[in-house]
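Thanks for passing this one along. Please have the model open while you read, and treat the points below as a colleague's notes.

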Amino acid sequence: AMLELQAERQAIKAALGDLKVDAWVYEDDAGARDQTTRRTYLDELDASDVYVGVFWKRFGAYTIDEYRHAVAKGKPSLLFVKKADERDRDEPLQAFLREIGDVETGRATRWFATPEELRESIKDDVARWQATLVRRVTESAFVGPFQVEALGDQHVQRASLLATAKESWLPLDEDGLPRVTRAAFQGLGGS
């Protein structure tokens with residue numbers, strides 16, 4: 001099962017690398033840990049900024065678990081489905097694809113045929129997601145450092161203003177370090 005989407009996993013990792021996004025792939029990056037496999041992939045998913053799911057023929061319960069966890073945590077989820085004859089797909093995977101493909105409650109998915117096509121799609125869609133994040137910040141009510149009104153002569157608590165700005169621009173992880181964009185795509189459709 002691990003071999004099912006091996007070339008696609010490498011294409012995803014390469015595409016994300018091209019965008020300078022730290023990609024975490026269970027098979028390559030989990031290593032040996034003193035915790036369960038499930039705890040390992042959920043911890044990494046929790047640390048990521050976006051979930052990338054890839055599906056093809058086989059139903060993977062852990063991959064579905066990852067997707068549902070990402071949605072429950074409010075993680076952006078980018079989903080890709082490799083084209084296949086429906087008769088070649090596991091019935092539970094077909095049901096899941098119908099669920100996530102629902103126009104009202106599902107997710108927009110991208111279909112692809114080759115690892116090369118997937119690589120380009122990942123670059124396009126992750127770049128679009130990143131641009132959306134930037135747009136949200138620039139369109140928000142947040143006043144940036146060069147747009148601050150001139151301060152009067154009264155006493156101003158600048159430390160509080162600087163702390164708020166730093167917190168907005170450099171969100172910190174649980175270790176107190178600036179967070180960087182990460183993408184997690186463990187499992188990938190039961191692989």
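Predicted model: local features only at pLDDT ≥ 70, side-chain atom pairs only at ≥ 80, totals over all residues.

1. Let me begin with the overall count. Searching the whole structure turns up 17 salt bridges. I have picked out a few for you.

2. Start with Lys 82 and Glu 8, whose closest N and O atoms are 2.6 Å apart in a salt bridge. Lys 82 belongs to strand β3 (residues 77–82) and Glu 8 to helix α1 (residues 6–18), so this pair ties together parts that are 74 residues apart in sequence. Are these two residues buried or exposed? Both Lys 82 and Glu 8 are buried.

3. Next, have a look at Asp 18 and Arg 119, which form a salt bridge with an N to O distance of 2.7 Å. Asp 18 is in helix α1 and Arg 119 in helix α6 (residues 115–139), so the contact ties together parts that are 101 residues apart in sequence. Asp 18 is partly exposed, because its relative accessibility is 40%. Arg 119, at 28% relative accessibility, is partly exposed too. The pair also belongs to a network of salt bridges that links Asp 18, Arg 119, Glu 120 and Lys 123.

4. Lys 20 sits in the loop between α1 and β1 (22–24). With a relative accessibility of 76%, Lys 20 counts as exposed.

5. How many residues of strand β2 (residues 50–55) are buried? The count is 6 of the 6, so the strand is largely enclosed by the rest of the structure. Val 50, Val 52 and Val 54 point one way from β2, while Tyr 51, Gly 53 and Phe 55 point the other way, and all are buried.

6. Finally, consider how β2 is paired. Strands β2 and β3 run parallel and are joined by 5 bridges. Within this pairing, Val 54 has Phe 80 of β3 as its bridge partner. Together with helix α4 (residues 61–72), β2 and β3 make a right-handed β-α-β unit. Strand β3 is also where Lys 82 of point 2 is found.

Note on methods: Residues numbered from 1 in each chain as written. Heavy atoms only, no water. Salt bridge = Lys/Arg side-chain N within 4 Å of Asp/Glu carboxyl O. Helix = DSSP H or I, 4+ residues; strand = E, 2+ residues; numbered from the N terminus. Buried < 20%, exposed > 50% of the residue type's maximum accessible area, 1.4 Å probe, protein only. Pairing = 2+ DSSP bridges. Right-handed = clockwise from strand over helix to strand, strands pointing away.
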